[in-house]
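Subject: Structure for your review

Dear colleague,

Please find below the structure that I was asked to hand over to you. My findings follow directly after it.

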Amino acid sequence: MEQNGGSCAAIAALDSRVIAVNCQTRQYHWSLAQLEILCKQLYETTDTTTRVQAEKALVEFTNNPDCLSKCQLLLERGSSSYSHLLAATSLSKLVSRTSNPLPLEQRIDIRNYVLNYLATRPKLAAFVTQALIQLYARITKLGWFDCQKEDYVFRNVIVDVTRFLQADSSHPLTKHRKIASSFRDSSLFDIFTLSCNLLKQASGKNLNLNDESQHGLLMQLLKLAHNCLNFDFIGTSTDESSDDLCTVQIPTSWRSAFLDSSTLQLFFDLYHSIPPSLSPLVLSCLVQIASVRRSLFNNAERAKFLSHLVDGVKRILENPQSLSDPNNYHEFCRLLARLKSNYQLGELVKVENYPEVIRLIANFTVTSLQHWEFAPNSVHYLLSLWQRLAASVPYVKATEPHMLETYTPEVTKAYITSRLESIHVILRDGLEDPLDDAGLVQQQLDQLSTIGRCEYEKTCALLVQLFDQSAQSYQELLQSTNSSTMDIAVQEGRLTWLVYIIGAVIGGRVSFASTDEQDAMDGELVCRVLQLMNLTDSRLAQAGNEKLELAMLSFFEQFRKIYIGDQLYRRLSEVLGLNDETMVLSVFIGKISVRKLVKLSAVQFMLNNHTSEHFSFLGVNNQANLSDMRCRTTFYTALGRLLMVDLGEDEDQFEQFMLPLTAAFEAVAQMFSTNTFNEQEAKRTLVGLVRDLRGIAFAFNAKTSFMMLFDWMYPLDQIPFLPSYPTYMPILQRAIELWYHVPACTTPVLKLMAELVHNRSQRLQFDVSSPNGILLFRETSKMITTYGNRILTLGEVPKDQVYALKLKGISICFSMLKAVLSGNYVNFGVFRLYGDDALDNALQTFIKLLLSIPHSDLLDYPKLSQSYYSLLEVLTQDHMNFIASLEPHVVMYILSSISEGLTALDTMVCTGCCSSLDHIVTYLFKQLSRSTKKRAAPMAQESDRFLHIMQQHPEMIQQESVVYVTATSWFDSTQREDLRNSIVNSQPPEKQQAMHLCFENLMEGIERNLLTKNRDRFTQNLSVFRREVNDSMKNSTYGVNSNDMMS
């Protein structure tokens, strides 16, 4: 037995080596056994090397011409689920590819095969079933507009799936939207109706939900119904973070389903009849149903629908047992929030059972708030409901009582007391403190600010009572000699919450709805907070509470936004002697200054003593990570701004400020001058130094101050006959040479250089006799070239590390080059004129770096894509001669990147691509126009080559700008006619004349030039053209090619 096992292992190893050799020699002889071995190695082995080799081999398999037949063989005869998964994923890649796509008949065969395969193999592994379903969905979506004998063969989704049940991205965003819209209009309602009918059948049977298959079937039906209701009906891609503002834009054709009360009743009945593992899905469906747009109903229909909805909510509240499940509880809180976000208070009070329902909701809310540790993320929805209810009180016109004056104070009291009571438990058990989540606290306080102002007298009385109790206890504990730290911390936590809440309710004041009595109440609360501040400030030297101090600042911010009021100042004058706004402002400023002076002592002390002796984080700590020094940039940005206040043209003050940084530069220079130095110390000193300098450079936006920094880095008296010489730049260049492979070192250096060349606020302005701009560009070019040439020697970098090790630095180099090229302080024409290769070196390094990046990575990493496309925009605008001189494969790479960038969701990227395309086409047009003029100068060699590339590959620009290219006539009239005719001929015969007329009107009044007036006229024609073409194509049976063109 052992011998047989050893033989099998040996055969497997031999097969693996054979596959590896075949892959290396690009000889593909895939057998079923070999593929299964590779799948096993990919998904099961723990050896990284083996897994990587298997992955590479399987990538080659996907690109193999025999892949399709081998996939079928794997599905039919594969012995493992992993081989089935490989077949499904490989087929998905085959049907998704845009180059050399599969024929229509073949995709139909694959679709039918997948359905039959799923129907005849019910016990497939779950991940295989999911992969095959995704394959079916992808075939359907990508082939939605494909016709065979005037039949949309991939639209029979309902029929196909119904038979199945009875038996047992590479397209642009606009096309996805069209597919989704067509699917919505033709099939979605039928799917929703089918799901509801099947749910009704299921609810009428005694299903055994302990049976895994029946439980799974019901879950999938509920998910299907929910997905139908959650469909993006109008193409807005609703942001889930704005959940409480969501309206479901149900089409008018669905009215019948929602006018029928049985639809709503079905889901409420299901909630009460199925186990808690499934009921959250039911509640999710109810949330969507409750969010149906108001305009779907008339007033009478809406009132009837709301009545049924409220009755269902009442029934759940009367039987709350299932709400003990956190998922049910969360979804039910969302459902309650939708009651007010989609319906008006005046409509709610007219519901027959409103008094009982609002009582039940209030009791549920109070209980939920008291159990603060249970599902804390759901409280937002309850507070949102009461916030909207309270805000609607002044506007409700219905005669029926809203009863909020009874229940809102109960909700306010429950929130306040529950937060105070939680402090002791959190400190005792070491639980996570909600006060640590500033965003969550602010969100809840914003909601409470409206709730608490309803019946404000009761809110204010409660806050005064609780504040006085806690403040008195706190003062007694501080005066006692044997008080425990825990007791003091509890009282400080209670006071922190009370100060936050007082600030919130004061911030909720609405001027037109406030009275003098309410202003006087605010005065009582403000007095107490300021008295507490006096007490806590007296203890800051010994011990302070950061959370309480932050609460004080939050209170000041709310007070500042709201108040100038005689009643309030009268009370402040009586208690604290603060007679007007100026005196109150002085208290605020004093508080803020005290907070800063606790650690820093004084601003002038900081400006004169920013060394490691006084600020330990400025020292060299060999235990900390290099990335931990990021705070130094922020610190020096603040110092730089403070320095600029009184700096003016005082160079002596600036030199004094820069002494610590001068010493650091000299220390690094001393280390580099020796062959043996402490590398870790050198790294930390340099990284800290460049982060400090970047902070200063960022702060110095004015020309005067920035020129002082520039002259500090480029002293005027170092080299005779040269007005400027980079004394410190060789140190930065040396660092790049030594540690190019250490991003923690190179990233700060590159970012400093990018900041120095950035002409922010026109701070880089040199005299006409100064060569500083050219010298600065030389250093920039040298750094880009040094880093670029060395980073390309890294070889293959793991995918999970490629951004940190390589792409981030390249992105900064792109930003640096863009900043210096668009800074308007360098005349780039002088470089070639005087034989200086600095510009050519920088641009050639850019090309090398660009070609080392796959197209997919350009868009996968947002910072990289933004820096690349903004740089490309500058190059196409000012350096098109360089672009035109590039090799054909480089030009094709750039054009392909523009084509892909035009479909990006990032507006900056898309806009940059449009500008780049405009510059390229303008350049082509001008070159062609010059070549046709009499006595024209001979066309430059690079221009001629660029035109030749475009003529060989016109599709690169046509695929994204057919109309623009047609209008500017960048090729000859024959090609323009061919393009127009191909589009017109792709239309049905009855549409061709209208399409031909559209093209004629498009060019009406357009001259052969690029004047602004001519461009504006074409833009107007283009708007008309687009509208006419869309109208012409509606309800037509045009093919996919014409539709792509007009997407």
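The count of disulfides, a disulfide being a pair of cysteine sulfur atoms within 2.5 Å, comes to zero. The closest cysteine sulfur to that of cysteine 196 belongs to cysteine 228 and is 8.1 Å away, which is too far for a bond. Cysteine 196 is buried, at 7% relative accessible area, and cysteine 460 is buried as well, at 5%. Here, buried means under 20% relative accessible area, exposed over 50%, and partly exposed in between (1.4 Å probe, protein chains only).

This is a predicted model, in which local features need pLDDT of at least 70 and side-chain atom pairs count only at pLDDT 80 or more, while totals for chains, interfaces and linings use all residues. Residues are numbered from 1 along each chain as its sequence is written, and side-chain values use heavy atoms, with hydrogens and water left out.

The protein chain has 1047 residues, of which 47% are buried. It contains 49 helices and zero strands; these are DSSP runs numbered from the N terminus (helices: H or I, at least four residues; strands: E, at least two).

Helix α29 (residues 651–657) gives the largest share of the patch, three residues. Aspartate 711 lies in helix α32 (residues 703–713) and counts as partly exposed because its relative accessibility is 31%.

Yours sincerely
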